[in-house]
Amino acid sequence: MPNFEIVKREDFSDVTFLLEIRHPLMAKAAKPGQFVIVMLNEHGERVPLTIADFDRSKGTVTLVIQAVGKTTKQMQQECKVGTSLYGLVGPMGIPTPESHAKKVVCVGGGLGVAPVYPQARALKESGAYVIGVIGFRTKDLVFWEDKFRAICDELIICSDDGSVGLHGRVTAGIEQAIKKHTDIDEVIAIGPPIMMKSCAETTRPYKIKTMVSLNPIMVDGTGMCGGCRVKIGDQVKFACVDGPDFDGHLVDFDDLMTRLRRYTKEERMALDHWEKEKGCRMQKSIDKAVDAARTK
Amino acid sequence: MREQDPAVRARNFDEVACGYHPDDAMRESERCLFCPDQPCVSGCPVGINIPGFIRKINEKDLRGAYDILTETSLLPAICGRVCPQENQCEGQCTVGQTLEPVAIGRLERFVGDTAIREGWANIPYIEPTPFKVGIVGSGPAGMACAADMAKAGCDVTVYEAFHQAGGVLKYGIPDFRLPNAVIDAEINTLKKLGVKFECNTLVGRLFTLEQMITEMGYDAVFVGVGAGYPTMLGIPGDSLNGVLSANELLTRCNLMRAKEFPSFDTPQPIGKRVAVVGAGNTAMDAMRVSLRLGAEKVYCIYRRSHKEAPARAEEIHHAEEEGVEFHWLTHPVAILDDGHGNVMGMRCVRMELGEPDASGRRRPVPVPGSEFDFECDLIVYAIGTNANPIMGQTSGLRLNKWGYIDTDENLATSLAGVFAGGDIVTGAATVIEAMGAGRRAAASMKTYLGIRDSNRPYRTGGDTLFGIDTSERNFARIRA
């Protein structure tokens, strides 16, 4: 039985949480830009998640997860410190190549804030001037501000409702950074596809190289199913083995977003099924407790 | 051999071929002529002593038959089911020149199944050798190589990227052709030989081949990762929702058990009308899986004619019986969408056969003006695979111009101590060919490590003692 023990959990909000998992070999091998595939249990699906951080000395990898679908909600409920995942494989994908950029904007939107962190850190370590732009819907959802402050030369926090930092989306933050610095070599943007698309559109007129990290639907993550194929310019690439990083100015985001909706109906079904089962199990345990109390 | 009725089986995942009753096996074994020149053996990629095991069946000594089979075949229950016997042993059978050839595959399966049921396993005495061997990929090539290296006394670890071992046998071949229980039974046999399986391990990314040799202490490594990377047609509409590779359909259904959704989390929406492009064995599997998942109509779209179809005759026959509609000499030119990113139909063109091409098959050419549209809501591409790029990306292995691993005739790669075989060397082929490659690589690895191969037939004659060459008396004897 494999053992991928959860050694730390942190809840950032009622939907976003962090898991730190013991896997010394993976911690040693992981590089910024790579992802893992997680299986919660034997009946589970294989969920690709970008590595948010790794600690070589502790031998752990960190994932930040948003409870939106059946599996992630179940993970939120069941993944406690001391429990183990059924499957964890990686690091997958081509690591982000070492950049020689001197001035970089690292953009993270929502959940994308987590995976952009190791990239920003690596850039800082290589001597670049790092401008962080991280965006959240509202103040309560902000996480890792201190971690970013520690490695960024400048940090712009954006919020959709203006409750913290700059009022507006991350694109407003990028505009601000571009206005202030005329010598930006590269923008790295990670987040929901619609956000990455807007970031690419924002930088396109300035012709600033913009790298994005794609997370389409996958099964194996090893180049075998082709479910994660994406259109990059006039080519078709598999995000799992040819990516996940691509030139944002070449990515066909509309195609990606359509393909991400492929299983919407089934995802809903799975969630309903799980919630119903959960209800049944709860009812059963209540019945049992009542029976036990009666016999006493 | 008794088969499930086509109308019934097309809606369930139970095995199609029910297997022999002992009486059937006995009757079939009597048809063997026990020819002295044994043409069937020369037709077998691993050289099973076919007349030998059939004779034991005939003598009602099934254990004896199993013993003979396991001298050479490691996984009889699997090979008996999935080998293309008509091109191999049965194709050479003398009886087959005038009548139906002896059903060697079915007899092999019968013995293999009996062994699983009875819990037989032939674990030879293994004299440990001090070598550590790593196998990358737990498919047929890796399994065959692992077994041989374990029998040679090596400490063998098999790495698998998926959460379950078995490779293409698990994710690719559906339950109704090869039940998972059979694969697990054969994997257990390997475990009894001392082979260790490490799943959830993506070699290349978690650690590299070079690290296996330099840091992890492996004396030799075998790479059998399969081809994998599915080919898309490259026509308009390829990326629509509802177009997927056969690999994806089969993996979802077989390995991830999407057929039991939502009890299992992986979904597999199936169309009412499914069009499968291609006519190989994978295409047949995809069609028959689609029927079982509830499709009303399943079409096979193939640009050549029935005669050129690469699938086994038996598979095409089974698919036909179950109600697949075959459209030969038809080629897709575009996938039509419903305006919301989903598949609505397919535009095809009729083909006719022209001059033979490099493969010797007549090249299909489009008939001008023959385009037509038809309705379907799921399209599966089963048109072959390319080389998986991970090994090339992560190691210094020399690849050929198509991206497959370059090896010499002994299956040695450009890295010292690293051998490779199966689809990642040859491109997509069959299970038994992969097993054959795994065994050939194992033989080379033993030579490389200085282990004398006990499977080598010993000469008997003046300069041998008990069948052992006198010049070789001082070797560490491995009793297989």
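A:Lys207 sits in the loop between helix H6 (193-203) and strand E14 (209-213) of chain A. This is a predicted model, and in it phi of A:Lys207 is near 55°. That is a positive value in a residue other than glycine. A:Lys207 counts as exposed because its relative accessibility is 74%, and exposed means over 50%.

B:Leu411 lies in the loop between helix H16 (390-394) and strand E14 (418-420) of chain B. Is B:Leu411 buried or exposed? B:Leu411 counts as buried, because its relative accessibility is 6% and the cut-off for buried is under 20%.

A glycine in chain B takes a positive phi as well. B:Gly360, in the hairpin of E10(B) and E11(B), has phi near 85°. This hairpin has 5 residues between the strands. Its strands are E10 (residues 343-356) and E11 (residues 362-366) of chain B, and they pair in the antiparallel sense over 4 bridges. One bridge joins B:Pro356 to B:Arg362 in E11(B).

Each chain also has a cis peptide bond to report. In chain A, the bond joins A:Gly243 and A:Pro244. A:Pro244 lies in the loop between H7 and strand E17 (245-247) of chain A. In chain B, the bond joins B:Phe261 and B:Pro262. B:Pro262 is found in the loop between helix H13 (246-255) and strand E6 (273-277) of chain B. The omega values are listed here.

| Cis peptide bond | Omega |
|---|---|
| A:Gly243 and A:Pro244 | about 10° |
| B:Phe261 and B:Pro262 | about 5° |

**A buried strand residue in chain A**

A:Thr50 lies in strand E4 (residues 47-50) of chain A. A:Thr50 counts as buried because its relative accessibility is 17%, and the cut-off is under 20%. Which residues does A:Thr50 touch, not counting residues up to four places away in sequence? They are A:Gln34, A:Phe35, A:Leu63 and A:Pro115.

**Parallel strands in chain B**

Strand E1 (residues 132-136) of chain B is mostly covered. Of its 5 residues, 4 are buried. E1(B) pairs in the parallel sense with strand E2 (residues 155-159) of chain B, over 5 bridges. In E2(B), B:Tyr159 is the bridge partner of B:Val136. From E1(B), the chain crosses through helix H9 (residues 140-151) of chain B to E2(B). This β-α-β crossover is right-handed.

E1(B) has another partner, strand E4 (residues 220-223) of chain B. This pairing is also parallel, over 4 bridges. In E4(B), B:Phe222 is the bridge partner of B:Ile135. In a regular strand, side chains alternate between the two faces of the sheet.

**Where the chains meet**

The contact takes 51 residues from chain A and 45 residues from chain B. The area buried between chain A and chain B is about 3,900 Å². Carbon and sulfur atoms give 58% of that area. Three residues, A:Met224, A:Arg229 and A:Arg262, supply 17% of the area that chain A buries against chain B. That is more than any other three residues.

How many salt bridges does the rule find across the interface of chain A and chain B? There are 2. A:Lys70 forms a salt bridge with B:Asp265, with the closest N and O atoms 2.6 Å apart. The count of residue pairs in polar contact between chain A and chain B is 19, both residues being at pLDDT 80 or more.

Several elements of chain A give two or more residues to the side that touches chain B. The helices are H1 (24-29), H2 (70-78), H7 (239-242), H8 (253-260) and H9 (264-295). The strands are E8 (87-92) and E15 (229-232). E8(A) gives the largest share of that side, 6 residues.

Definitions and conventions: Residues are numbered from 1 along each chain as its sequence is written. Chains are lettered from A and ligands numbered from 1 in the order in which they are written. This is a predicted model: local features need pLDDT of at least 70, side-chain atom pairs count only at pLDDT 80 or more; totals for chains, interfaces and linings use all residues. Side-chain values use heavy atoms; hydrogens and water are left out. Buried means under 20% relative accessible area, exposed over 50%, partly exposed in between (1.4 Å probe, protein chains only). Two strands pair if DSSP finds at least two bridges between them. A crossover is right-handed if, with the strands pointing away from the viewer, the path from the first strand over the helix to the second runs clockwise. Contact means heavy atoms within 4.5 Å. Buried area is the accessible area (1.4 Å probe) that two parts lose on being put together, summed over both. A salt bridge is a side-chain nitrogen of Lys or Arg within 4 Å of a carboxyl oxygen of Asp or Glu. A polar contact is a pair of N or O atoms within 3.5 Å; within protein, one must be able to donate a hydrogen and the other to accept it, and residues adjacent in sequence count only if both atoms are side-chain atoms.
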